[in-house]
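The following report describes one protein model, going from its contacts and overall build to a pair of local regions.

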Amino acid sequence: QVQLVESGGGLVQAGGSLRLSCAASGSIFSINAMGWYRQAPGSQRELVATITSGGSTNYADSVKGRFTISRDNAKNTVYLQMNSLKPEDTAVYYCNANILSRNWRYSDYWGQGTQVTVSS
C-alpha cells in the first residue's frame with residue numbers, strides 16, 4: 001500500500017506564507033513526478049505546481065513568482081512554499097505522486113487534502 005500524507009495547511013492573512021509538505025510511504029520502488037493541486041468550493045481541481053524526479057518544475061500562471069515547489073527524493077517528500085498569499089489562493093490543497101509500487105506499474109496516488117484559508 002502507498003500513502004501520501006500532507007501537512008502544513010492553515011489560516012493565514014493575505015500577504016503571509018505557508019509551507020505544505022507531503023510524504024509518501026509504503027511499498028515504493030520509484031517516484032516520477034510529484035505535484036500539488038487545489039480545489040476551491042464550487043470549482044474544479046486545478047494544477048498548482050509539479051516537479052519531476054530530476055527537479056524540473058512547472059507552475060500555474062496564477063502562482064508563478066509566489067509559490068515554489070521542491071522535493072527531497074531521499075525522504076519521498078514534496079514541499080510547496082507559498083508566499084504573498086492572496087484570498088483567491090483559499091482552497092483544499094492535494095498532493096499527487098506518480099509511483100512505481102509492488103504491482104510494477106506507475107500509478108497516480110493522492111493525499112487526503114489540507115485546507116489553506118487566506119483572509120483579506
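## Contacts, fold and two local regions

Among contacts in the protein between residues at least 6 apart in sequence, 55% join residues at least 24 apart, where contact means heavy atoms within 4.5 Å. The model is predicted, so that local features need pLDDT of at least 70 and side-chain atom pairs count only at pLDDT 80 or more, while totals for chains, interfaces and linings use all residues. Residues are numbered from 1 along each chain as its sequence is written, and side-chain values use heavy atoms, with hydrogens and water left out.

The protein has eleven strands and zero helices, with strands taken as DSSP runs of E of at least two residues and helices as runs of H or I of at least four, numbered from the N terminus. The radius of gyration, 14 Å, is close to the 14 Å that the globule rule gives for 120 residues, so the protein is as compact as a globular protein of that length; the radius is taken over C-alpha atoms, and the rule is 2.2 Å times the number of residues to the power 0.38. Further values for the whole protein are collected below.

| Property | Value |
|---|---|
| Span of the C-alpha trace along its principal axes | about 45 × 25 × 20 Å |
| Accessible surface (Shrake-Rupley method, 1.4 Å probe) | about 6300 Å² |
| Carbon and sulfur share of the accessible surface | 45% |
| Buried share of the 120 residues | 42% |

Buried here means under 20% relative accessible area, exposed over 50%, and partly exposed in between, with a 1.4 Å probe and protein chains only.

Strand 11 pairs with strand 2 (residues 10-13) in the parallel sense over four bridges, pairing being assigned if DSSP finds at least two bridges between two strands, and Val-118 is the bridge partner of Val-12. With strand 9 (residues 91-100), strand 11 pairs in the antiparallel sense over three bridges, and here Val-116 stands opposite Ala-91.

Val-63 is buried, with a relative accessible area of 1%, and, leaving aside its neighbours within four places in sequence, Val-63 is in contact with Arg-38 and Val-48. Val-63 and Met-82, 19 residues apart in sequence, are 8.5 Å apart in space, C-alpha to C-alpha.
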